[in-house]
Amino acid sequence: MLTVHHLRISQSERIVWLCEELGLDYELKLYNRDPETRLAPPELKTIHPMEIAPVIEDGDLKLGESGAIVEYIVGKYAPDTDLVPGPDHTDFADHLYWFHFANATFMTNGMMQIAVGAVGAEMPPPLAKRITNAWSQIERRLGEANYFGGSQLTTADIMMVFQLTTSRAFNGMTIDHLPNLKAYLQRIGTREAYQRAMEKCEPGFPPKLD
């Protein structure tokens, strides 16, 4: 059976949500962060050398990196899913863009912001502008389409939502000035697969959908 290792309050919630959307049988193992360092517990070191999550086990395979895991699970267990538009689909390019934007640009900028804040510094203006531009682009996109990948939910949404919800819950950012994003998150919150995933991977922690 597929095993998903999920570190609480981390991007590995993406993998739980994907499994629920696909209706897969899987075993979920939860790990709590160290209460002082907020880092992953030592148990994860025995699973993967990066000591972070997500990690999946599938037979003898151990695989990290959320984007790689998403592509692996879809490719092996659901190659015909509508969550990934094919090259002839009108949403193909948009899906690819936002799938990779999630970690390559959006998550990277967010981590830089966290690191700068952790040492009591302020973001340099060029980096601050990149973050502002990213949120503006998100709002603009969600005014053009119901989902990041286009007309329907795709794995691009599964990659994007963590940074818009769980991660944002800890930085105090409001989205009152982003009505398209607010409406989008309400749509995500009505999905039964998303609700099941969050109940399983973050019990007692309601999704940050406002």
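A: Two packed helices are described by the angle between their axes and the distance between the axes. In this predicted model, helix 5 and helix 6 are roughly perpendicular to each other, since angles from 65 to 115 degrees are counted that way: helix 5 (residues 155-164) and helix 6 (residues 179-189) pack at about 115°, and their axes lie 12 Å apart.

Q: What is the handedness of the crossing of helix 5 and helix 6, and which residues make the contact?

A: The crossing in which helix 5 passes helix 6 is left-handed. Helix 5 contributes Asp 157, Val 161 and Leu 164 to the contact, while helix 6 contributes Leu 181, Tyr 184, Leu 185 and Ile 188. By class, the residues of this contact divide into 6 nonpolar, no polar and 1 charged.

Q: How do helix 1 and helix 7 cross?

A: The axes of helix 1 (residues 13-22) and helix 7 (residues 192-201) come within 8 Å and cross at roughly 135°, and helix 1 and helix 7 are therefore oblique to each other. Their crossing is right-handed. On the side of helix 1 the contact is made by Glu 13, Val 16, Trp 17, Glu 20 and Glu 21, and on the side of helix 7 by Ala 193, Tyr 194, Arg 196, Ala 197, Met 198, Lys 200 and Cys 201. This contact of helix 1 with helix 7 has 7 nonpolar, no polar and 5 charged residues.

Q: Which residues does UniProt list for "domain: GST N-terminal"?

A: The UniProt entry, which is unreviewed, lists residues 1-81 under that name. Over residues 1-81 the chain is 27% helix and 25% strand, with the end C-alpha atoms 20 Å apart.

Conventions
Residues are numbered from 1 along each chain as its sequence is written. This is a predicted model: local features need pLDDT of at least 70, side-chain atom pairs count only at pLDDT 80 or more; totals for chains, interfaces and linings use all residues. Side-chain values use heavy atoms; hydrogens and water are left out. Axes are lines fitted to C-alpha atoms, for helices over the stretch in contact, and angles run from 0 to 180 degrees between N-to-C directions. Helices (H or I, at least four residues) and strands (E, at least two) are DSSP runs, numbered from the N terminus. Angles under 35 degrees count as roughly parallel, over 145 as roughly antiparallel, 65 to 115 as roughly perpendicular and the rest as oblique. A crossing is left-handed if the near helix is turned anticlockwise from the far one by less than a right angle, and right-handed if clockwise. Contact means heavy atoms within 4.5 Å. Ala, Val, Leu, Ile, Met, Phe, Trp, Tyr, Cys and Pro count as nonpolar, Asp, Glu, Lys and Arg as charged, and the others, Gly among them, as polar. UniProt positions are given in the numbering used here, feature names are shortened, and annotations may be inferred rather than shown by experiment.
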